[in-house]
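Please examine the sequence and the three-dimensional model shown below. The paragraphs that follow lead through the contact between the chains, then the salt bridges, and finally some local features of the backbone.

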Amino acid sequence: MVIYGIYIVSKSGGLIFNYDHTLPKIESEKRFSYPLDIKLSYENKKVSVEFGQREGLHVGHVLYAVNGVPVTGRQLDDGREVSEVIENKENYPLTLKFGRPKMTTNEKIFLASMFYPLFAIASQLSPEPKSSGIEVLEADTFKLHCFQTLTGVKVMIIVDKTQIGTEVLLKKVYELYADYALKNPFYSLEMPIRCELFDTNLKSMLEQVDKNGIASI
Amino acid sequence: MTVHNIYIFDKQGSLLFYQEWNRLKNSGMTREEEAKLMYGMLFSLKSFVNKISPLDTKEGFLYYKTSKYTLHYLETPSGLKFVLNTDNHSQGVRDLLHQIYKEIFVEYVVKNPLCSLNEPIQSELFKTKLDAYIKQSSVYLTKSM
């Protein structure tokens, strides 16, 4: 039972709140000899694995460090280009550190606004009349629960597939939003939620769920 | 429990096959437009799921549920996409989709030399076999209104 994260999206599709609760860190460090038996590519300002998936190394993983030196973009922090280091036979054996790319805030905003049309199309393509948008979305690694309030605000929670009772949790988050964000005179609607009370109450609620389960709230 | 409709897309995103059983609402557009919208949504869902997933995904998107229906999705490694809409109480639809691919699509489309793989499926045999297969499955039971 794990809660991965919470997103709150405003009526117009903008991300107004995001909290990563437990994000598993997926990283692996391995020694490689010449020639490299994986294919790397440079895309979206990241050097990532294109081919050569194996234990601990997944297609899409990003190169974090070469011989312990961190990588930013396509450059090592000591100024050398990643591609040059990797192609040069004399540098081997090399220790490369790969990991699942972490989402930046910009990417999260992008994803939140991407969910908005998906939600709308799902209700438009419905074979039954008067369908709502997406309420539960399941993939092989997680489950996303979405609750749309009457005013159009969406609360999304990403949980482990085995988690039950997420609906209760969604309502509870909405209650906290109503109590601590909306009643805060310094909070303006549709703007990102920066209310300390909301943050602390949400965190303590999640901790309680971690400890005693959903039934305790 | 009931089955609403099925869409089959190829890897380029063109609609190979569509059939409906109990569809109560039409989207108000032509079939081609609807198929494009559906494919676009699936494509975005796939990328959305891969990005937002906290762990490395293997199969990725499996299904989504609204208040009225559930959309089940199966993608084969060759890029064929099977989409089946059912009501919210259906069980084991993923297995059914696998079976449709294995026992109906491969048998009556891939093994039929007159069926071109990148064009909409015209075969009557495929259509009747699929219809019969869906109708005898446990997921298909006409809702008593």
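Chain A and chain B bury about 3,700 Å² between them, and 65% of this area is on carbon and sulfur atoms. Buried area here is the accessible area, found with a 1.4 Å probe, that two parts lose on being put together, summed over both. The size of an interface is often given in this way, as the accessible area lost when the parts come together. A:Leu125, A:Pro127 and A:Glu128 supply 20% of the area that chain A buries against chain B, more than any other three residues. The contact, which means heavy atoms within 4.5 Å, takes 40 residues from chain A and 38 residues from chain B.

This is a predicted model, in which local features need pLDDT of at least 70 and side-chain atom pairs count only at pLDDT 80 or more, whereas totals for chains, interfaces and linings use all residues. Residues are numbered from 1 along each chain as its sequence is written, chains are lettered from A and ligands numbered from 1 in the order in which they are written, and side-chain values use heavy atoms, with hydrogens and water left out.

Which polar and charged pairs cross the interface of chain A and chain B? The rule finds 21 residue pairs in polar contact there, both residues being at pLDDT 80 or more. A polar contact is a pair of N or O atoms within 3.5 Å; within protein, one must be able to donate a hydrogen and the other to accept it, and residues adjacent in sequence count only if both atoms are side-chain atoms. The interface also has one salt bridge, a term for a side-chain nitrogen of Lys or Arg within 4 Å of a carboxyl oxygen of Asp or Glu. A:Arg100 forms a salt bridge with B:Asp56, with the closest N and O atoms 3.0 Å apart.

On the side of chain A that touches chain B, strand 1 (3-9), helix 2 (105-124), strand 10 (136-139) and strand 11 (143-148) of chain A each supply at least two residues. Helix 2 of chain A gives the most, with nine residues. Helices (H or I, at least four residues) and strands (E, at least two) are DSSP runs, numbered from the N terminus. The residues of this side of chain A divide into 23 nonpolar, nine polar and eight charged. In this division Ala, Val, Leu, Ile, Met, Phe, Trp, Tyr, Cys and Pro count as nonpolar, Asp, Glu, Lys and Arg as charged, and the others, Gly among them, as polar.

A search of the whole structure finds 20 salt bridges over all chains. One of them joins the side chains of A:Lys161 and A:Glu138, at 3.2 Å from N to O. This pair links distant parts of the chain, 23 residues apart: A:Lys161 is in the loop between strand 12 (154-159) and helix 3 (166-181) of chain A, and A:Glu138 is in strand 10 of chain A. A:Glu138 is buried, with a relative accessible area of 10%, whereas A:Lys161 counts as partly exposed at 31%. Buried means under 20% relative accessible area, exposed over 50%, and partly exposed in between (1.4 Å probe, protein chains only).

In chain B, B:Glu59 forms a salt bridge with B:Arg94, the closest N and O atoms being 2.7 Å apart. B:Glu59 is in the loop between helix 1 (31-52) and strand 3 (61-65) of chain B, and B:Arg94 is in helix 2 (residues 93-110) of chain B, 35 residues apart. B:Arg94 is partly exposed, because its relative accessible area is 23%. Salt bridges that share partners also join B:Glu20, B:Arg23, B:Arg31 and B:Glu34 into one network.

The peptide bond from A:Tyr34 to A:Pro35 is cis, with omega near -10°, and A:Pro35 is found in the loop between strand 3 (27-32) and strand 4 (39-43) of chain A. A cis peptide bond also joins A:Tyr92 and A:Pro93, with omega about -5°; A:Pro93 lies in the loop between helix 1 (82-87) and strand 9 (94-99) of chain A. A:Asn67 has a phi near 50°, a positive value in a residue other than glycine. The place of A:Asn67 is the loop between strand 6 (62-66) and strand 7 (69-72) of chain A.
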